[in-house]
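Colleague: I have the model open beside the sequence and would like to go through it with you. Can we take it a piece at a time?

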Amino acid sequence: MSDPARESETEAKARRGRNVALAVGLALFVILVFVVTLVKLGGNVIQRPF
Amino acid sequence: MAMASAPSTTRAPARWQDFLQLLKPRVMSLVVFTALTGLVCADRAISPVLAGVAILCIAVGAGASGALNMWWDADIDAKMRRTRGRPVPAGRVQGADALALGVILSLFSVMLMGMAANWFAAGLLAFTIFFYAVIYTMWLKRWTTQNIVIGGLAGALPPVIGWAAATGSAPLNAWLLCLIIFMWTPPHFWALSLYTSEDYAKAGVPMMPVVRGAASTRRQIWIYSLLLVPVCLAPAATGLGGPYYLAVAGGGGAVFLLLAWRLLRSKAGEAADPRNDDGLYDVRAGARDARNLFAFSILYLALLFATLLAEHLLGVIPLELV
């Protein structure tokens, strides 16, 4: 891993790109799990004993 | 050791596109197509959201096994013209990073498949990733000329996973889709290897033309082609394919056999005889026959699955000849 203080413009740009891609991937995963949960539970989510 | 060593610090830094390339997007698209066909052919009403997530899981699982393959095979990829530009041998991505990506995506895809569809489909997906990354990549590929025959099972399983995601089971017709891809793989890959065998020889991969010779490879392509066509016709007898499928499988099968026969009679894959002025021309003509079969094999498989997909989406009544 390169030292952020010494990295070149190209390296900094590549690192930013990787970070953004990772953030987008994680956000999509969270949304996906949320949507899957809603679809799987459906209307049953309100049929709870309390 | 097969793993790639760390790249020098003077190499270009890894971009996110390099990590995407590790997932072999072209292979992924084929996997998505065949898995979707399996899912649709199951004819079971399933939430479009869950169906989409299941297909995504299969695509990501295929990508994960691609990353594991590129991690392990970096040494032989560096020796072959076709693969030396891949991120790990080119030094843009470290082997350890490719391994980490492969393992993490494998876990995520299998777990999400279990949650969104069912654990039978998740188990099949896990087995497919294991089979491709460990059985094929780490063992068969460098050991036997039957590498792509047995290893072809990994590429043949996605329609079964798609079917299982929709129904929780894998009946005979799902395995028939698997068998079509399994029988299609040897003639497809060996036709390609007949005109790229120099690359494989350089890398020490025991592909059929390198070890057994071109004539034996062409014979085996012919035998597999003879077996493939009846297998492709079978869905029209088991309640899976309709009249359009039968026409495509029959017509395309006839062309496939014609091209395989021409390849059998050619000199594809043989070295030029320097004493013979016509040698070079013969080899070129042979390579053309191998290229023709390779290209048509892709079209044939795509047409078979596209026709099945269309028939089931449009509600065409399948034939049951048996």
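Predicted model: local features only at pLDDT ≥ 70, side-chain atom pairs only at ≥ 80, totals over all residues.

Colleague: Which residues have the most contacts inside the largest nonpolar core?

Modeller: Those are B:L39, B:A54 and B:M113, in a core of 99 residues. Helix α3 (residues 48-72) of chain B gives the largest share of this core, 15 residues.

Colleague: Why does this core lie between the two domains of chain B?

Modeller: The core lies between them because domain 1 (13-170) and domain 2 (172-322) of chain B both give residues to it.

Colleague: How far apart are the C-alpha centres of those domains, and how many residues are in contact?

Modeller: The C-alpha centres of domain 1 and domain 2 of chain B lie 23 Å apart, and 29 residues of domain 1 are in contact with 26 residues of domain 2. On the domain 1 side, α2 (25-41), α7 (147-156) and α8 (158-167) of chain B each supply at least two residues, and by class that side divides into 15 nonpolar, eight polar and six charged residues.

Colleague: Since α7 came up, is B:G151 buried or exposed?

Modeller: B:G151, which sits in helix α7 of chain B, is buried because 21 other C-beta atoms lie within 10 Å, and the cut-off for calling a residue buried is 20 or more.

Colleague: What is B:G151 in contact with, leaving aside its neighbours within four places in sequence?

Modeller: B:G151 is in contact with B:Y136, B:L140 and B:K141. As for B:T137, it is 14 residues from B:G151 in sequence and 8.3 Å from B:G151 in space, C-alpha to C-alpha.

Colleague: Changing topic, at what angle do α12 and α13 of chain B pack?

Modeller: Helix α12 (residues 214-233) and helix α13 (residues 243-265) of chain B pack at about 175 degrees, and their axes are 9 Å apart. Angles over 145 degrees count as roughly antiparallel, so that is how α12(B) runs relative to α13(B).

Colleague: Which residues make the contact?

Modeller: From α12(B) they include B:I221, B:W222, B:S225 and B:V229, and from α13(B) they include B:G250, B:G253, B:F256 and B:L257. By class, the contact has twelve nonpolar, three polar and two charged residues.

Colleague: Last one, what about chain A, how many helices and strands are there?

Modeller: Chain A has one helix and zero strands, and buried residues make up 2% of its 50 residues. Ten residues of chain A are in contact with ten residues of chain B, and the chain A side of that contact has six nonpolar, two polar and two charged residues.

Key. Residues numbered from 1 in each chain as written. Chains lettered and ligands numbered in written order. Contact = placed C-beta atoms within 7 Å. Nonpolar A, V, L, I, M, F, W, Y, C, P; charged D, E, K, R; others polar. Domains from an automatic or database assignment. Helix = DSSP H or I, 4+ residues; strand = E, 2+ residues; numbered from the N terminus. Buried ≥ 20, exposed ≤ 12 C-beta atoms within 10 Å, placed from the backbone. Core = buried A, V, L, I, M, F, W, Y, C linked by C-beta atoms within 7 Å. Axes fitted to C-alpha atoms, helices over the stretch in contact; angles between N-to-C directions. Parallel < 35°, antiparallel > 145°, perpendicular 65-115°, else oblique.
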